[in-house]
Amino acid sequence: MPIVVSMINWKGGVGKTSLTLNIAAGLANTHSKRVLLIDLDAQCNLSFLAVGLSSYVAHTYTNGGPTLKSIFDAYFDRAALNPKDVILEKQVRARAGKVFTKVGIVLSHQELTLLDMKLAREKRSGKDHREETRFEIEKLSVIKNVIDSVASEYDYVLIDCPPNVNLVTQNAFFASDYYVVPAIPDFLSTVGISLINTYMDQFNQDYRSMWLYAGLPGAYGDTKFGGIIFNMVDEYGGGPKQGHSQIMTSTAAQLGAAALFKNYVTDGDGMSAAAQANLPIFAYNDLPRAQQNAEKQANYMGKVVDEFCARIV
Ligand SMILES: Nc1ncnc2c1ncn2[C@@H]1O[C@H](COP(=O)(O)OP(=O)(O)OP(=O)(O)O)[C@@H](O)[C@H]1O
Ligand SMILES: [Mg+2]
């Protein structure tokens with residue numbers, strides 16, 4: 001069974017998407033892991049970065065190819081859909097002219113935002129409350145069912161979540177073993193983290209009791225807190241600069257030192273150059289404009305990936 005991880009933070013622009021892609025790249029590059037990426041954000045940023053904007057447009061719009069939306073459409077239409085048809089293999093860009101052989105992706109679609117309302121409205125009446133709870137669980141299981149059907153083919157599934165807790169996003173939580181929180185060491189990006197933990201505790205509790213009440217076999221497995229990864233850290237004298245280190249220390253004091261990844265990713269133009277080239281940071285040799293910074297950021301990212309492998313087990 002793969003380890004399923006939701007990457008979440010309700011603060012925008014903290015690096016959820018960048019870290020999702022680069023952690024997948026690092027897991028594949030240096031840890032020989034098979035990774036499935038799921039882009040759950042209607043902004044489709046992970047999709048653009050991973051396969052390149054023009055390939056995304058060609059696949060989704062020119063050719064009408066399948067995306068995450070197709071999976072939900074099949075759920076609404078009670079239509080059969082082979083999840084494998086929705087996973088693109090050998091299309092995630094590893095470096096210039098090369099793709100990963102063991103990283104798959106389920107692309108997002110801009111209409112995903114509309115699906116949430118549809119999902120919320122979808123009510124099936126059952127013969128009793130227990131059956132209706134089972135239908136509610138089915139609504140939360142759309143993504144879990146896809147992952148379960150390809151479970152033997154991946155070591156990790158990384159889900160790039162949008163900054164909300166709607167029903168589509170809850171589908172990711174329901175399927176996940178862990179949630180990991182990328183954050184910038186600034187006040188607004190960290191202040192919400194304890195709230196995320198509170199929400200996740202509540203979801204776990206709700207899902208556990210729904211599972212029990214519906215009389216399903218086994219028990220619901222909680223989505224555990226995998227930790228905070230600090231991103232865009234400014235360094236001074238070999239460590240985070242004072243303002244950043246203060247926030248990191250106070251976050252550790254509030255949530256416990258174990259809540260933080262020891263490694264972090266620095267701020268630098270390598271990451272945006274990589275994004276612009278639709279490449280992971282590890283392809284720094286293909287980024288002449290920002291090569292030095294990109295190589296430095298790739299080293300930091302590599303350590304984050306090593307720690308990810310050690311923590312998320
Ligand atoms: N370590 C970094 N150094 C410099 N720029 C970075 C770094 N990490 C991410 N960025 C840039 O910051 C911007 C936001 O990153 P990203 O899109 O990954 O954040 P996000 O949390 O997914 O945003 P959203 O909430 O919109 O989904 C992007 O332009 C990205 O290239
Ligand atoms: Mg994003």
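This is a predicted model: local features need pLDDT of at least 70, side-chain atom pairs count only at pLDDT 80 or more; totals for chains, interfaces and linings use all residues.
**View 1. The shell around ligand 1.** Let's start with the ligand. In this view, 19 residues surround ligand 1. The closest are Gly 12, Lys 16, Thr 17, Ser 18 and Met 271. Two helices, H1 (16-31) and H12 (269-276), each supply at least two residues of this shell. By class, the shell around ligand 1 holds 10 polar, 6 nonpolar and 3 charged residues.

**View 2. Helix H1 crossing helix H13.** Here we meet H1 again, this time with H13 (residues 291-311) as its partner. The two axes come within 9 Å and cross at roughly 80°. Because angles of 65 to 115 degrees count as roughly perpendicular, H1 is roughly perpendicular to H13. On the H1 side, Asn 22, Ile 23, Gly 26, Leu 27, Thr 30 and His 31 make the contact. H13 brings Met 301, Gly 302, Val 305, Phe 308 and Cys 309 to meet them. The residues of this contact divide into 6 nonpolar and 5 polar, with no charged residue.

**View 3. Helix H7 against helix H8.** Our last stop shows H7 (residues 142-149) and H8 (residues 167-175), whose axes come within 7 Å. They cross at roughly 45°, and that makes H7 oblique to H8. Val 142, Ile 143, Lys 144 and Ile 147 are the H7 residues in the contact. Facing them from H8 are Asn 171, Ala 172, Phe 174 and Ala 175. The contact of H7 with H8 has 6 nonpolar residues, along with 1 polar and 1 charged.

Key: Residues are numbered from 1 along each chain as its sequence is written. Chains are lettered from A and ligands numbered from 1 in the order in which they are written. Axes are lines fitted to C-alpha atoms, for helices over the stretch in contact, and angles run from 0 to 180 degrees between N-to-C directions. Helices (H or I, at least four residues) and strands (E, at least two) are DSSP runs, numbered from the N terminus. Angles under 35 degrees count as roughly parallel, over 145 as roughly antiparallel, 65 to 115 as roughly perpendicular and the rest as oblique. Two residues are in contact if their C-beta atoms, placed from the backbone, lie within 7 Å. Ala, Val, Leu, Ile, Met, Phe, Trp, Tyr, Cys and Pro count as nonpolar, Asp, Glu, Lys and Arg as charged, and the others, Gly among them, as polar. A residue is near a molecule or strand if its C-beta atom, placed from the backbone, lies within 6 Å of it.
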